[in-house]
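Please have the sequence and the model open while reading.

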Amino acid sequence: MPGGGNFVNAAAQYGNWTLNDSGDVAFSALLDTDSLGLDSSDMGLYAWSGGSLRLVARTGMNFPGVGTLIKLAPEFVFGLPFSGALINVRGDIVFQGTFLDQNSYLTSVLLKIDGRAVDLQ
């Protein structure tokens, strides 16, 4: 997968995949890596558009002003990813995740526009 790791699983429930009017897809995936050494599998958010797959967010990725992404789910959700991702016709993606910033966990909602993340909280 882009950014590292291999695809293990994706939950089938809505909120882990989304389709826009242009036919682009955003989806969350469980990966076979543990990049932070937390004894839990990494998670990645990906977008499929124009025949190519790109990384949007991944465990261990730093988002300035927010923190390091721990998982693509609220703090109290364990196991499979649940990012709640939505993609619009421009390819902008909104998603939620649990982040670590200065040794405290927080759940935040981000909007990723043209590779730049905006904290919506």
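The notes below go through the structure by topic.

This is a predicted model, in which local features need pLDDT of at least 70 and side-chain atom pairs count only at pLDDT 80 or more, while totals for chains, interfaces and linings use all residues. Residues are numbered from 1 along each chain as its sequence is written, and side-chain values use heavy atoms, with hydrogens and water left out.

**Arginine 58**

- Arginine 58 belongs to strand 5, residues 52–58 (strands are DSSP runs of E with at least two residues, numbered from the N terminus).
- Arginine 58 has a relative accessible area of 8% and is therefore buried (buried is under 20%, exposed over 50% and partly exposed in between, with a 1.4 Å probe and protein chains only).
- The side chain of arginine 58 makes a polar contact of 3.1 Å with the side chain of aspartate 42 (a pair of N or O atoms within 3.5 Å; within protein, one must be able to donate a hydrogen and the other to accept it, and residues adjacent in sequence count only if both atoms are side-chain atoms).
- A polar atom of the arginine 58 side chain also lies 3.3 Å from the backbone oxygen of glycine 3.
- Threonine 33 is 25 residues from arginine 58 along the chain, and their C-alpha atoms are separated by 11 Å.

**Loop residues**

- Asparagine 16 sits in the loop between strand 1 (7–9) and strand 2 (17–19), and its relative accessibility of 1% makes it buried.
- A polar atom of the asparagine 16 side chain lies 3.5 Å from the backbone nitrogen of serine 83.
- Beyond four places in sequence, the contacts of asparagine 16 include Ala11, Phe27, Pro81 and Ser83.
- Aspartate 39 is in the loop between strand 3 (25–31) and strand 4 (43–49), and at 74% relative accessibility it is exposed.
- The phi angle of aspartate 39 is near 60°, a positive value in a residue other than glycine.
- Aspartate 92 is in the loop between strand 8 (86–87) and strand 9 (93–101), and at 6% relative accessibility it is buried.
- The side chains of aspartate 92 and arginine 90 are joined by a polar contact of 2.7 Å.

**Cavity and pocket**

- The whole structure holds one cavity of 30 Å³ or more (on a 1 Å grid over the protein atoms alone, a cavity is a set of points where a 1.4 Å probe fits but cannot get out; lining residues have an atom within 4 Å of a point).
- The largest cavity has a volume of about 30 Å³ (the space filled by probe spheres set on the points, which are joined across faces, edges and corners).
- Among the residues lining the largest cavity are Asp34, Leu36, Asp42 and Ile70.
- The largest pocket has a volume of about 230 Å³ (a pocket is an open set with protein on both sides within 12 Å along at least five of seven lines).
- The largest pocket is lined by 13 residues, and Ser40, Met43, Ile70, Lys71 and Phe78 lie nearest its centre.

**Aromatic rings**

- There are three aromatic pairs (rings of Phe, Tyr and Trp, the last by its six-membered ring, with centres within 6.5 Å).
- Phe63, Phe95 and Phe99 are linked into a cluster by ring pairs.

Definitions and conventions: Rings of Phe, Tyr and Trp (its six-membered ring) pair if their centres lie within 6.5 Å; planes under 30 degrees apart count as stacked, over 60 as edge-to-face and the rest as tilted. Helices (H or I, at least four residues) and strands (E, at least two) are DSSP runs, numbered from the N terminus. Contact means heavy atoms within 4.5 Å.
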